[in-house]
Amino acid sequence: TNFTFVKVLNDNIPVQVGTSLRFSLAAIATLPWMFQKSKEIVETKVGLAEGQQISMTASTGAIIGGIEIGLWNAIGYLSQAVGLETTPASTSAFICSLAVV
């Protein structure tokens, strides 16, 4: 269903706009959890180049990790949406499902 939805969405609006709308909606839906205070703040040491270390809280690390994963996820979604411009939704779904196997 995701592939069909994206294919129909791409037929009506540009890929970048559709992807921005989808990610904005997801960000708004998960925003309350981002500003929730954690019960336990754990400090960890993060290694940098040449043995330098900085201290950061678990919530800061989670935000940085979330940004990194979000960027990789966005690249995947954009690539998939661009591919759907020239490929049928059923073929795209099959090819993407092969990545799981």
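## Basis of the model

Residues are numbered from 1 along each chain as its sequence is written, and side-chain values use heavy atoms, with hydrogens and water left out. Because the model is predicted, local features need pLDDT of at least 70 and side-chain atom pairs count only at pLDDT 80 or more, while totals for chains, interfaces and linings use all residues.

## Overall make-up

The protein chain has 4 helices and 2 strands. Helices (H or I, at least four residues) and strands (E, at least two) are DSSP runs, numbered from the N terminus. Read from the N terminus on, the order of elements is α-α-β-β-α-α.

Of the 101 residues in the protein chain, 14% are buried. Buried means under 20% relative accessible area, exposed means over 50%, and partly exposed lies in between, with a 1.4 Å probe and protein chains only. Contact means heavy atoms within 4.5 Å. Among contacts between residues at least 6 apart in sequence, 51% join residues at least 24 apart.

The buried residues of α1 are Phe3, Val6, Leu9 and Asn10. They lie on the same side of α1, because they cover an arc of only 125° around the axis. The arc is that of the directions from the helix axis to the C-beta atoms. An α-helix has 3.6 residues a turn, so residues three or four places apart point the same way. The face turned away from the buried side of α1 carries the exposed residues Asp11 and Asn12.

## Packing of α1 on α2

Helix α1 (residues 2–12) packs against helix α2 (residues 15–34) at an angle of about 130°, and their axes are 9 Å apart. Axes are lines fitted to C-alpha atoms, for helices over the stretch in contact, and angles run from 0 to 180 degrees between N-to-C directions. The two helices are therefore oblique to each other. Angles under 35 degrees count as roughly parallel, over 145 as roughly antiparallel, 65 to 115 as roughly perpendicular and the rest as oblique.

The crossing of α1 and α2 is right-handed. A crossing is right-handed if the near helix is turned clockwise from the far one by less than a right angle, and left-handed if anticlockwise. On the α1 side the contact is made by Asn2, Phe5, Val6, Leu9 and Asn10, and on the α2 side by Val15, Gly18 and Arg22. By class, this contact has 4 nonpolar, 3 polar and 1 charged residues. Ala, Val, Leu, Ile, Met, Phe, Trp, Tyr, Cys and Pro count as nonpolar, Asp, Glu, Lys and Arg as charged, and the others, Gly among them, as polar.

## Packing of α1 on α4

Helices α1 and α4 pack at an angle of about 135°, with their axes 9 Å apart. That angle makes α1 oblique to α4. This crossing is right-handed. Phe3, Thr4 and Lys7 of α1 meet Ala89, Ser92, Ala93 and Cys96 of α4. The classes in this contact are 4 nonpolar, 2 polar and 1 charged residues.

Ser92 is in helix α4 (residues 89–98) and counts as buried at 8% relative accessibility. Not counting residues up to four places away in sequence, Ser92 touches Phe3, Gln80, Leu84 and Thr87. The C-alpha atoms of Ser92 and Thr4 are 9.7 Å apart, although 88 residues separate the two along the chain.

Gln80 is in helix α3 (residues 58–83); at 17% relative accessibility, Gln80 is buried. Leaving aside neighbours within four places in sequence, Gln80 is in contact with Asn2, Phe3, Ser92 and Cys96. Asn10, in helix α1, has 13% relative accessibility and so counts as buried. With neighbours within four places again left aside, Asn10 is in contact with Val15, Ala81, Leu84 and Glu85. Asn10 and Glu85 are 75 residues apart in sequence and 7.1 Å apart, C-alpha to C-alpha.
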